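Hello,

Here is the structure I promised to pass on. My notes follow below it.

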Amino acid sequence: MLSALAALSLSFLSVGCATVDPAKADRDIRQLVSTQTQAWNAHDAKAWTQDFTDDADFINIVGTVFQGREEIETRHAAIFASIFKTSHANVTVRKLTFPTPDIAVVDTVHEVTGHSGLPPGVQNTQDGLLRTQMRYVMKRTDTGWRIVAGQNTDVKPPPAPRP
């Protein structure tokens, strides 16, 4: 009886101390980024924002803060219906770190082509190419990784050579 209780106690202890599989977390986050890129290329704001938490914050490339998944979706629906209507994004994960097993910081490079214009103050990084650096803070939930905060920063073109 005593050995059965000890074995049962150890099984509860091992369940409570379970850790996140870093390789699986890495794959899951990269898949989220890939799915979001596909949504951008389909110009589908609902799908693009599906992995944001309801109370997420997002800072766009001109510094405007959008609060909540609904506002982020509304703003992206507007740009997908206008200047980014025919755009195509290529997104690369540049860096992925886990400050804790349930928190991830994800840095990506976005290369966007095919756009018909850009917001005031934003310019192409190269002819016909807008490059941005996106940073997401994600948290692991029972349903998977979710974006709690994001910031997108445009990469300015290199300065012209000095005469």
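An open sheet is built from six strands, ordered β2-β1-β6-β5-β4-β3, with mixed pairing. Strands (E, at least two residues) and helices (H or I, at least four) are DSSP runs, numbered from the N terminus. Two strands pair if DSSP finds at least two bridges between them. β2 (65-67) and β3 are the edge strands, each with a single partner, so one side of each has no neighbour in the sheet. From one strand to the next, the twist averages 20°.

This is a predicted model: local features need pLDDT of at least 70, side-chain atom pairs count only at pLDDT 80 or more, and totals for chains, interfaces and linings use all residues. Residues are numbered from 1 along each chain as its sequence is written, and side-chain values use heavy atoms, without hydrogens and water.

β1 and β6 run parallel, joined by four bridges. F52 stands opposite I147 in β6. α2 packs on the sheet and touches β1, β3, β4, β5 and β6. Contact means heavy atoms within 4.5 Å. The direction of α2 makes about 155° with that of β3. Angles run from 0 to 180 degrees between N-to-C directions, with axes fitted to C-alpha atoms, for helices over the stretch in contact. α4 lies across β1 and β2, at about 55° to β1.

M138 touches I29, L32, D102, I103, A104, V106, W145, R146, I147 and V148, leaving aside residues up to four places away in sequence.

Best wishes
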